[in-house]
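This briefing is written for a reader who has the sequence and the structure at hand.

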Amino acid sequence: LLNKPVIAIDGPTASGKGTVAALVADKLGYHYLDSGAIYRVLAVAVAQQALDPDTPANLATIIPMAASLPVQFQGEQVLLNGLDVSDAIRTEQAGVMASRLAVVPEIRAGLLQRQRDFHQSPGLVADGRDMGSVVFPDAVLKVFLTASAQVRAERRVRQIENRGQQADFQAIFNDLMARDKRDSERAVAPLKPCDDALVLDCSSMPIDQVVATILNWARERI
Ligand code: CDP
Ligand code: CDP
């Protein structure tokens, strides 16, 4: 495994995983897996067919969709059935649907191989909820990146406002708490630091300092 090391970065929503993981991958010249994007693409596919995952009949349709999801990653673009869904997967509805689908063990199992396909030379930085615990248990470095709920909600608000959209802090804070709860309390791959993860609270750390800390840890191990 040392000839193509994996760095796993897990943590709650809006902790900065995606931003930091992409920058670390860039610095090391590694591949980057945004595992949440795969859950979100499935969410968009499910929404397109107006399937409510709360009914067993619909779940029976959704589970095979997970294993054969026609998703492609082309640089910054995410394609579903060849169509660009890069913006559609970033909506709040897609995030909420993704977290509802993510509680179903058969759906998680169906998406496993697609995530492992990203493990290629010279190495991989993967971000999500269960990169270190389930998808890449042999990762050379496992980071659990977190920040207070208040700070994460503030960061999400700023992110939305920077896109020129309006953001309601209280609504975002409530959604974030609900997503944390669902992600933490599910039976399969619950959100929590694994035993061999280094926990990094970046509530008052700028992005470049978080990236530098992870790069130092990575250099000690690779
Ligand atoms: O991927 P995840 O949901 O964990 O978070 P993200 O989308 O990468 O980060 C959420 C926002 O927080 C982004 O706008 C980052 O630029 C910002 N951020 C920050 O201001 N300071 C940090 N130390 C980490 C992230
Ligand atoms: O950006 P944010 O952290 O809000 O979400 P994301 O990483 O894009 O993931 C969306 C949802 O997919 C999460 O709320 C999780 O429920 C689920 N997910 C998961 O269960 N396991 C992963 N490895 C990645 C995402």
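With which residue does Glu-185 form a salt bridge? The partner is Lys-181, and the closest N and O atoms of the two residues are 3.1 Å apart. The model is a predicted one, and a search of the whole structure finds ten salt bridges in it.

**Salt bridges**

- Glu-185 and Lys-181 both belong to helix 8, and because they are four residues apart there, about one helical turn separates them.
- Both members of this pair, Glu-185 and Lys-181, are exposed.
- Salt bridges with shared partners also join Asp-52, Asp-54 and Arg-100 into one network.
- Another salt bridge is formed by the side chains of Arg-152 and Asp-180, at 2.7 Å from N to O; Arg-152 lies in helix 7 (residues 149-162) and Asp-180 in helix 8 (residues 169-185), so the pair ties together parts that are 28 residues apart in sequence.
- Arg-152 and Asp-180 are both buried.

**The annotated binding site**

- An unreviewed UniProt entry carries the annotation "binding site" for Gly-11, Pro-12, Thr-13, Ala-14, Ser-15, Gly-16, Lys-17, Gly-18 and Thr-19, and of these residues, Thr-13 is included in the lining of the largest cavity.
- Thr-13 is found in the loop between strand 1 (6-10) and helix 1 (17-28).
- Why does Thr-13 count as buried? Thr-13 has a relative accessibility of 5%, and a residue is called buried because its relative accessible area is under 20%.
- When neighbours within four places in sequence are left aside, Thr-13 is in contact with Arg-129, Arg-152, Arg-156, Leu-176, Arg-179 and Asp-180, a list that includes both Arg-152 and Asp-180 of the salt bridge described above.
- Gly-18, another of the annotated residues, lies in helix 1 and is partly exposed, with a relative accessible area of 28%.
- With neighbours within four places in sequence again left aside, the contacts of Gly-18 are with Tyr-32 and Asp-127.

**Surroundings of ligand 1**

- Ligand 1 is surrounded by 16 residues, of which Ala-14, Lys-17, Gly-18, Thr-19 and Met-205 are the closest.
- Polar side-chain atoms approach oxygen atoms of ligand 1 from Lys-17, at 2.8 Å, and from Thr-19, at 2.5 Å.
- For Ser-15, by contrast, a backbone N or O atom is the one that lies 3.1 Å from an oxygen atom of ligand 1.

**Surroundings of ligand 2**

- Which residues come nearest to ligand 2? Of the 18 residues around ligand 2, they are Thr-13, Arg-40, Arg-108, Asp-130 and Asp-183.
- A nitrogen atom of ligand 2 lies 3.0 Å from an N or O atom in the side chain of Ser-35.
- On the side of its oxygen atoms, ligand 2 has one at 3.1 Å from an N or O atom in the side chain of Arg-156, and a polar side-chain atom of Arg-186 lies 3.0 Å from an oxygen atom of ligand 2.

- The side chain of Ser-99 makes a polar contact of 2.8 Å with the side chain of Arg-182.
- Not counting residues up to four places away in sequence, Ser-99 touches Arg-179, Arg-182 and Asp-183; among them, Arg-179 is also in contact with Thr-13, and Asp-183 is one of the residues that come nearest to ligand 2.

Notes. Residues numbered from 1 in each chain as written. Chains lettered and ligands numbered in written order. Predicted model: local features only at pLDDT ≥ 70, side-chain atom pairs only at ≥ 80, totals over all residues. Heavy atoms only, no water. Salt bridge = Lys/Arg side-chain N within 4 Å of Asp/Glu carboxyl O. Helix = DSSP H or I, 4+ residues; strand = E, 2+ residues; numbered from the N terminus. Buried < 20%, exposed > 50% of the residue type's maximum accessible area, 1.4 Å probe, protein only. UniProt positions renumbered as here; feature names shortened; annotations may be inferred. 1 Å grid on protein atoms, 1.4 Å probe; cavity = no way out; pocket = protein on both sides within 12 Å on 5 of 7 lines; lining within 4 Å. Contact = heavy atoms within 4.5 Å. Near = heavy atom within 4 Å. Polar contact = N/O pair within 3.5 Å; in protein donor to acceptor, adjacent residues only side chain to side chain.
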